[in-house]
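Subject: Handover of a structure for your review

Dear colleague,

Please find the structure below, followed by a summary of what was found in it. I would be grateful if you read the two together.

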Amino acid sequence: MITTNQKTIKRLVTVLAAALALFAFTEQAQAQQILLTGPLAGAPAVRKLRLHRQGRFEIAPAISFTLLDEYQRTILLGARLNYNFTDWLAFGAWGALGSVIRIPTYLTDQVQSVNAARRTTDPGEPPTTLDRRLTDVNLGPQFKNQLGGIDWVVAPQLTAVPFRGKLALFQSIYLDTDLYFFGGPAFVGLKERKNCDVCGGSFDMTSRVAIAPTFGLGFTFYINKWSAIGAEYRGLPFSWNTGGFDTAGGGKDKKFPDNKITNDDRQFNFNQLLTVTYNIYLPFQYRVSE
Amino acid sequence: MKSSPIGLLVAVALGIFPAQSWAAGKAQAAGKAAKAKDSKAAADAAPAATVDADAPAGDAAAGGDAAAADTPDDSGGDAAGGSGLDDICKIDPAACPNLDMDKEAARPLKEQIFAVQQAFALRVRRFEIEPYWSVSMNDQFVGHPAPDLALNYYITNVLAIGVNGNYYAPCNVDKAFNGQVRRAARVAVPLTEYQWGGALNFTYVPAYGKFAGFGDFIFHYDAYVVGGVGAISVRPIPVIDPNNRNFAFEPKLAFNVGIGLRIFFNRWFAATLEVRDYIFNDKLENLKVAPVAADAANKATWYGDNSLTNNVQAQVGASFFLPFSFDYRLPK
C-alpha cells in the first residue's frame with residue numbers, strides 16, 4: 001500500500017527528473033560552442049585590434065539636445081575632453097553652454113498667450129480680475145523670462161568602454177565602433193526665479209550651482225585613424241523650478257502652494273540629453289594590438 | 001502519477017528543440033563531431049566538440065572542415081585532374097572537354113561575393129516574434145507606456161513585412177505636472193490618451209555588426225529602419241470642461257517610422273531597442289466652453305483644433321526567430 005508521503009516523494013522525484021532532463025538537454029544544446037585547447041586556448045577574442053583609444057587624447061566638440069522639456073528646450077554647445085589610459089578606460093570632462101539657444105515649448109506659448117490676453121484686459125497693478133489675482137504670484141508680464149534654464153554644465157567623468165566592434169553598412173561601408181558607459185558628478189549652472197516671500201510683481205532671476213550625478217551611454221563610429229562620430233544619451237537628474245511657479249511649501253507635507261517662491265518649489269526632474277559629437281584623437285596614429 | 005511520464009516527455013522535448021537551434025552549419029558541426037571522434041576528445045560524438053589546435057593538418061583535413069574538403073588540393077590536384085581527363089577522353093572522346101582556355105579566361109566573372117559571409121544569424125524566410133514594452137519620449141503631459149507585440153516575416157535577409165500592436169489603454173498616466181500648471185497659471189492644455197495602435201510595417205536591415213565584450217566574448221547585432229501605416233485609437237482627456245465632456249475613443253490613421261538595434265544572444269534570440277515615431281492627426285479638446293449649458297452639453301462643441309501629433313516611443317523588447325535553426329546556402 002502506498003502512503004500519501006510515498007506518493008508525494010514519487011511526484012517530487014518525477015518533477016526533479018523532468019527538471020534535470022530539461023537542464024541536461026539545454027546544456028547539450030549550447031555545447032556547440034567550440035572549446036579550444038592548444039596554442040589558441042586563452043587567446044584574445046580579437047587579434048590585431050585597432051586600438052583607437054589607448055594612450056590618446058580625445059577632443060570632441062559636442063552639441064546636446066534636452067528631452068521631455070516642460071517649458072523650454074535647450075541646445076547646449078560644448079565639448080568633451082578625455083584621456084584614454086587604456087582602450088577601455090578614460091577619464092575626462094564634458095562641458096557645455098546652455099544659455100545661447102533656448103526654444104520655448106508649445107505650453108509656454110499657450111501660457112504666455114493667455115497671460116497676455118489677461119493683462120490686456122486688466123493692465124493695472126495690483127490686478128483686479130480673478131484670473132490675474134489668482135496668478136499674481138506665478139505669472140509675470142513675460143512668462144518665458146521667468147523660466148528656469150541650464151546656463152552651463154561641467155561634468156568630470158570616468159568612461160568605460162566594455163564593448164568594441166565593427167559595423168557593416170549596406171555590405172559596403174565598414175566602421176569600427178565602440179559602446180561606452182560614463183558617469184561622474186556634474187556641476188550645473190542654473191538660472192531660476194529668485195526666492196521671495198512677497199512675490200506679487202517680483203519676478204527677478206538668480207543663479208546657482210546644482211551638483212548632480214550624471215551618467216549615460218554612447219556609441220562611437222570611427223571614420224578614420226584620427227576621428228569619429230559619436231552619439232550619446234545622458235541622464236542629469238536634479239531638482240529645480242523650471243516654470244518659476246509656486247507649487248509647494250504650504251499645507252500638508254508642503255505639497256500645496258504657499259504664495260511664496262522657496263526651495264520647496266524645486267521639483268525633481270530626470271533631465272535627459274541626447275548628444276552628437278565629432279571626436280578628434282591625438283596623436284593621429286592609433287596602435288594595434290598583438 | 002499517470003501524468004508524470006507525460007510531463008517527463010514534454011520536458012525532454014522542450015530540451016531537445018533548443019539543442020537543434022544551435023545548428024551552426026550542419027556540415028561544420030558534423031565535421032567537428034567526426035574530428036572529436038578521431039581525437040577521442042569526445043568519444044561518443046557529443047555536441048561539445050573539442051578542437052585540438054595542435055593536431056596535425058592531416059587530421060584537420062580528415063576532420064571534415066567542409067570548406068577545406070571542397071577545395072582542390074593545389075599540390076596534387078592538377079596531376080590527378082589531368083589523369084582523370086585523359087581517362088575520360090580515352091573512354092569516350094565525345095565527352096572529352098574541349099575548352100579554349102584563353103577564351104574561358106577572358107569571360108567576365110559575375111559571381112557575387114558577399115563582404116560578410118555566413119552572418120551569425122540569418123533572417124531570411126524566418127518569422128520574428130517580438131514582445132516589447134514602450135514608453136513615450138516626447139509627451140511631458142501624459143505618459144503612454146504600453147505592452148506591445150510585433151510579428152515580422154523576413155522575405156529576404158534584409159527585408160521584412162510585419163505587423164505590430166500596442167495596447168495603451170490601462171497604462172495612460174496623466175502627470176501631476178498638468179494639475180500644477182492648471183493651478184499655478186490657470187491655463188489648461190488639451191491632453192490626449194491612447195487606447196491601442198496597430199500597423200503594417202516594412203523593416204529594412206542595412207547595418208550588421210559585432211562587438212567584442214570586455215575583449216573576451218563576441219556578440220552580434222544589427223540595426224534596422226522600420227516604417228508603416230496603421231491606426232491608433234485616441235481620445236481627449238477632458239480638462240477644460242470635465243463636467244460636460246466625455247469623449248469616446250476614435251481610431252485615427254497613423255503612419256510610423258523608426259530605427260532599432262537588435263542584439264543577438266544566439267541564433268534565434270535577441271534583445272531589441274527601438275525608437276519609433278507614430279504620426280497621426282489628433283482632434284484636441286476645445287479650449288472654450290459654450291456659454292449656454294445646452295450648447296456645452298452638445299458633443300459638437302467639444303472638439304477644437306486638429307493637431308499633427310508625433311508620438312515618439314522608446315521600445316525595449318525581445319526577439320524570437322522561428323524556425324530556430326537554419327542552413328547556410330553556401331560554404332564559408
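In chain B, strands S10(B) and S11(B) run antiparallel and are joined by 16 bridges. Strands here are DSSP runs (E) of at least two residues and helices are DSSP runs (H or I) of at least four residues, both numbered from the N terminus; two strands pair if DSSP finds at least two bridges between them. Within this pairing, Phe269(B) stands opposite Phe320(B) in S11(B).

The model is a predicted one, in which local features need pLDDT of at least 70 and side-chain atom pairs count only at pLDDT 80 or more, whereas totals for chains, interfaces and linings use all residues. Residues are numbered from 1 along each chain as its sequence is written, and chains are lettered from A and ligands numbered from 1 in the order in which they are written.

Confidence. Chain A has an average pLDDT (the predictor's confidence in each residue, from 0 to 100) of 87, and 86% of its residues score at least 70. Over residues 24-32 of chain A the pLDDT is below 50, yet beyond near neighbours in sequence this stretch has 21 contacts in the model. A contact means that the C-beta atoms of two residues, placed from the backbone, lie within 7 Å.

The hairpin of chain B. S9(B) and S10(B) form a hairpin with four residues between them, and they pair in the antiparallel sense over 11 bridges. Gly258(B) stands opposite Arg276(B) in S10(B). Phe265(B) lies in the loop between strand S9 (250-264) and strand S10 (269-285) of chain B. Phe265(B) is partly exposed, because 13 other C-beta atoms lie within 10 Å; on this scale a residue is buried with 20 or more other C-beta atoms within 10 Å of its own, exposed with 12 or fewer, and partly exposed in between, the C-beta atoms being placed from the backbone.

Nonpolar cores. A nonpolar core is a set of buried Ala, Val, Leu, Ile, Met, Phe, Trp, Tyr and Cys residues joined through C-beta atoms within 7 Å. The largest has 14 residues, of which Ala96(A), Val153(A), Ala186(A) and Val188(A) touch the most other members. Strands S3 (57-67), S5 (89-104), S6 (149-169), S7 (173-193) and S9 (227-240) of chain A each supply at least two residues of this core. A second, separate core of 11 residues includes Leu107(A), Leu139(A), Ala184(B) and Ala185(B).

Helix H7(B). The buried residues of helix H7 (residues 176-185) of chain B are Val181(B), Ala184(B) and Ala185(B). They lie on the same side of H7(B) because they cover an arc of only 75 degrees around the axis, the arc being that of the directions from the helix axis to the C-beta atoms. These buried residues pack against helix H2 (106-121) of chain A. Just after H7(B), Arg186(B) takes a positive phi of about 55 degrees.

Backbone geometry. Most residues other than glycine have a negative phi, and most peptide bonds are trans. Leu68(A), in the loop between S3 and strand S4 (72-84) of chain A, has a positive phi near 50 degrees. Lys254(A), which is not a glycine, has a positive phi of about 55 degrees. Glu125(A) and Pro126(A) are joined by a cis peptide bond with omega about -5 degrees. The peptide bond from Leu322(B) to Pro323(B) is cis, with omega near -5 degrees.

Yours sincerely
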